[in-house]
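Me: I am new to this structure and would like to learn how to read it one feature at a time. Could we begin with the charged side chains and then go on to the metal site and the helices?

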Amino acid sequence: MTARTGLVYDERFLLHRAPYDHPEHPGRLSAIWNRLEAEGLAARCRRIAARDATREELLAVHTSDHVDRVEATARREYAQLDPDTYTSRRSAEAARLAAGGLVDLTGEVLSGALSNGFALVRPPGHHAEADRAMGFCLFNNVAVAAQAARRAQVERVLIVDWDLHHGNGTQSTFEEDPHVLYFSTHQYPFYPGTGAIAEVGRGAARGRTVNIAWPAGMGDAEYLAAFDRVLLPIARSFDPQLVLVSCGFDAAAGDLLGGMRLSPDGYAAMTERVATLAGGRLVLALEGGYDLDAIAAAAAATTRVLLGEKRAARDPGPPNVVANRVIRETLDAHRPFWPDL
Ligand SMILES: [Zn+2]
């Protein structure tokens, strides 16, 4: 049978590396890839080649100055673009390949050649702003892919960002664009500081930024309650034609940076939920995640869902009191825009 799930992976993503210990290191991607190979999952997917994003694709999100600044890092052994964000000589190349690979994978899903896909890329993207690198991110991969889809006549794109952190760059790219709904779950207050419940989008796009901003300690029950009570009702009304996921695994239990406690099964259950939208046209792109065992296990569990494997139903129990309050406040903030809530 022809594989219906696409995978982007390229060893050149490993050439982006810091000259010192940094949590966003090449071993993250190797750990995920090795696990998918060991469990026979990579072989069941179709490899989609990474390719350079074109300048035009990048300029749909980023300023010309920012693209030039990232490209210029290729002339230096190392550079530091902000206190958290390093580059090596091959980082600009990796960043172009990450964005371009995700655009092509998304195109294959939109054309129907693939059902869904997972882009195992680095550097990550969701903190990158139009005019600057930030938070380990050089180009905003998911935003670039969403803009490419829009240019391919896709009217409505849903971006689900379940990384531990708020995707400030993605939110600011689309906060005035009614064609793109941005939904994020994140630890708050926390890096990067944005993503309050009250940030709901601007102008014609009010209601199209949805922030589940909650404290540390949330697990499967809380995340799934946010998906079932907030994301799915809004997304069904929005009726997306494509779902892109900023797939960070740093909300997993045991992460070095985060204080959440999602299990691999929780990631699988979130994947199942977003796969019910947009006729299943679903593309995941790796963002953060810093505990090697946790990210490998979560990536395997999500890939199994993309491949159509059935999972034993498991009730995570009721969400905690704090999560219930945050969910209620988010619903209150969005009722003016979504009458079905
Ligand atoms: Zn993160």
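Reply: Let us begin with a network of salt bridges, which links D220, D265, E272, R311 and R314; a salt bridge here is a side-chain nitrogen of Lys or Arg within 4 Å of a carboxyl oxygen of Asp or Glu. Please keep in mind that this is a predicted model, in which local features need pLDDT of at least 70 and side-chain atom pairs count only at pLDDT 80 or more, while totals for chains, interfaces and linings use all residues. Residues are numbered from 1 along each chain as its sequence is written, and side-chain values use heavy atoms, with hydrogens and water left out.

Me: What is the general idea behind such pairs, and how many salt bridges does a search of the whole structure find?

Reply: Side chains of opposite charge can pair when their charged atoms come close. In this structure, a search of the whole model finds 26 salt bridges. One of them joins R89 to E77, with the closest N and O atoms 3.0 Å apart. This pair links distant parts of the chain, since R89 sits in the loop between β4 (85-88) and α4 (91-111) and E77 in the loop between α3 (64-72) and β3 (78-82), twelve residues apart; helices (H or I, at least four residues) and strands (E, at least two) are DSSP runs, numbered from the N terminus.

Me: Which salt bridge does E175 form, and is E175 buried or exposed?

Reply: E175 pairs with R202, the closest N and O atoms being 3.4 Å apart. The two lie 27 residues apart in distant parts of the chain, E175 in the loop between α6 and β7 (180-187) and R202 in the loop between β7 and β8 (209-214). For exposure, buried means under 20% relative accessible area, exposed over 50%, and partly exposed in between (1.4 Å probe, protein chains only). E175 therefore counts as buried, because its relative accessibility is 15%, whereas R202, at 47%, is partly exposed.

Me: Where are the protein donors of the zinc ion?

Reply: Donors are N, O and S atoms within 2.8 Å of the metal (3.2 Å for Na, K and Ca), and water is not among the atoms, so sites may look incomplete. Here the protein donors are D163 (OD), H165 (ND1) and D250 (OD), lying 2.0 to 2.1 Å from the zinc ion. Along the chain these donors follow the spacing D-x1-H-x84-D. H165, in the loop between β6 (157-161) and α6 (168-174), and D250, in the loop between β9 (242-247) and α8 (264-274), are 85 residues apart and link distant parts of the chain. Both H165 and D250 are buried.

Me: How should I read two packed helices, and at what angle do α4 and α5 pack?

Reply: Two packed helices are described by the angle between their axes and the distance between the axes. Axes are lines fitted to C-alpha atoms, for helices over the stretch in contact, and angles run from 0 to 180 degrees between N-to-C directions. In this case α4 and α5 (residues 141-151) pack at about 40 degrees, with their axes 9 Å apart. That makes α4 oblique to α5, because angles under 35 degrees count as roughly parallel, over 145 as roughly antiparallel, 65 to 115 as roughly perpendicular and the rest as oblique.

Me: How many residues of α5 are buried?

Reply: Nine of the eleven residues of α5 are buried, and this helix is mostly covered; among the buried ones are N141, V142, V144 and A149.
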